[in-house]
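Please read them with the structure open beside you.

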Amino acid sequence: MKLLDIIFPKKCIYCGKQEEYICSSCLHFFKKEIKIIKCTKKYYDYLVYYAQYKGDFRKKLLKFNFNNNAYLAEFFIKLILENQKICKFLKNFDYIVPVPMTNLAKSKRGYNQTQLLAKHLSYELG
């Protein structure tokens, strides 16, 4: 157990149960519409779609992106890792690379959210 986990224990953002940022019983709040789409765009080959950008999913994503809530990275990582289809797809790649952001934007936000996700996913998926 990490020192930060003792000082700031993880608790579910829905029910408050001290376990993780989302407990296994609250995962159902997110309606998953998982799609992996082969794209013909110039800059990317695939689009991995987890859920519609609305409702609670949108609120959590905006909170993570713009309200200095880096701890929500673990919440989104758990959502991704809970899905075998996405994990299997991501394991086909050698690297997971974050979307770069300007130094000004990073200093305002305090972190690059895609870098947090890429780092955690790379570690968890080997």
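Which pattern does the protein chain follow when it is read along the sequence?

1. The model is a predicted one, and its protein chain, read along the sequence, follows the pattern α-β-β-α-α-α-α-α. That order accounts for six helices and two strands. The radius of gyration is 15 Å, close to the 14 Å that the globule rule gives for 126 residues, so the protein chain is as compact as a globular protein of that length.

2. As for overall extent, the C-alpha atoms fill a box of roughly 45 × 35 × 30 Å when the principal axes are used. Of the contacts between residues at least 6 apart in sequence, 46% join residues that are at least 24 apart.

3. Buried residues make up 30% of the 126 residues.

4. On charge, the protein chain carries 23 positive and 10 negative side chains, and the centres of these two sets lie 7 Å apart.

5. A search of the whole structure for disulfides finds zero. For C39, the closest cysteine sulfur is the one in C87, and the two sulfur atoms are 20 Å apart, which is too far for a bond because a disulfide requires the pair to be within 2.5 Å. C39 is buried, with a relative accessible area of 16%, and C87 is also buried, with a value of 6%.

Definitions and conventions:
Residues numbered from 1 in each chain as written. Predicted model: local features only at pLDDT ≥ 70, side-chain atom pairs only at ≥ 80, totals over all residues. Heavy atoms only, no water. Helix = DSSP H or I, 4+ residues; strand = E, 2+ residues; numbered from the N terminus. Rg over C-alpha atoms; globule rule 2.2 N^0.38 Å. Buried < 20%, exposed > 50% of the residue type's maximum accessible area, 1.4 Å probe, protein only. Contact = heavy atoms within 4.5 Å. Lys, Arg positive; Asp, Glu negative; His and termini not counted. Charge placed at Lys NZ, Arg CZ, Asp CG, Glu CD.
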